[in-house]
Amino acid sequence: MFNYEFENPGIVLAQLSSSVAFPRVLQEAAHLKLGHYVSDGPKSLGQIAEHYGFNENVLSMFLDILVANNILEESENFYYPTMMSDSLDLIDQLFFGIESWQCWSQLDKCLVSGKPVFNEIFGMSFYSYLKQHPNKNGNWQQWNSITTEEWFSQISQLLDLSGTERICDVGGGNGVLLRLIALEYPTVECTVFDLPDENDYLDPNVSKIDGDMFVSIPPGFDIYILSRVFCNWNDAEMKIVLANLKKAMNDDAKLVVIDGILPERDDPERGNYVANNLNLFLMFGAKLRQLGEFHELMNAVDFKITAEQELKTLSDLRWKVLIADCC
């Protein structure tokens, strides 16, 4: 953090502006699958340059940035893998990758139009793009799986599942969240409801129903889960999903929402969220919401939040579990 009181403002701004360099290098390294290339043994500068067809002088400067940030190790002009380089593939996905950078390059258009730019740049929606690019979809699913396991491992302890027989995770991807629940509650029937995906890999204790939550949602479950769904869709889209949930839910069914909560403007932690919030809009036309916005949006479709619990995670974001009844 810069000390604005004692540093020249122009210098501070220049330093802030130049901070884009490392993320850009990091994303390019991920896109090149550099971590995979060096994983089977150290490589010289010449070997890396020949492998990718790069200029050695520029490549040396590029690799210096990775070494300075502990992504690679360098000794006697050879470059070695690290735990960080082994995970580079994970960030070669749409939300953080080259596609995201292209969206940020169109920020000026977004500021004028008030519309997300992903569709305009790529001629299709985020999820349609994933469907047409299996490698990107695989990385996206892997990211969601790893972060679900890392961030939401305690979800079973937060939910009261006594008497619960059937749970449906709407938009639940490859069912990692339900797998965590099934480990603690093996007698509960756990079902993912999501779009068809030929690359699905589900735990044996998790089943799947193919479908589109914007069309209809299967009835008859005791608990419905929306995990990291709100943050990927705008208010109008979420009202459609909630309306379909209302049609599907029995009188005694519960809705569980797991999502990031945008702090209020006077909250000192708000700064950790603002860049992610704009990235969500550029990519999806979506946003993070303050807690009051969740209440307002859900009330508009006759849902009432009856309980709120903080989900302690290793993420920089503040996550909450919201329990709601259908009025």
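Contact here means heavy atoms within 4.5 Å. Helices (H or I, at least four residues) and strands (E, at least two) are DSSP runs, numbered from the N terminus. The model is a predicted one, with local features needing pLDDT of at least 70 and side-chain atom pairs counting only at pLDDT 80 or more, while totals for chains, interfaces and linings use all residues. Residue numbers start from 1 along each chain as its sequence is written, and side-chain values use heavy atoms, leaving out hydrogens and water.

Now to the sheet. Seven strands make up an open sheet with mixed pairing, in the order E6-E5-E4-E7-E8-E10-E9; two strands pair if DSSP finds at least two bridges between them. Strands E6 (206–210) and E9 (303–311) sit at the edges with a single partner strand each, so one side of each has no neighbour in the sheet. From one strand to the next, the twist averages 25°. Strands E7 (residues 223–227) and E8 (residues 254–260) run parallel and are joined by five bridges, and Tyr224 has Leu255 in E8 as its bridge partner.

Helix H14 (residues 235–248) lies across E4, E7, E8, E9 and E10, running at about 165° to E7. Axes are lines fitted to C-alpha atoms, for helices over the stretch in contact, and angles between N-to-C directions run from 0 to 180 degrees. Helix H16 (residues 291–299) also packs on the sheet, where it touches E8, E9 and E10 and makes about 150° with the direction of E9.

Elsewhere, the axes of H2 (residues 21–31) and H5 (residues 56–68) come within 10 Å and cross at roughly 105°. That makes H2 roughly perpendicular to H5 (65 to 115 degrees). Phe22, Val25, Glu28 and Ala29 of H2 meet Phe62, Ile65 and Leu66 of H5.

Terms used:
Parallel < 35°, antiparallel > 145°, perpendicular 65-115°, else oblique.
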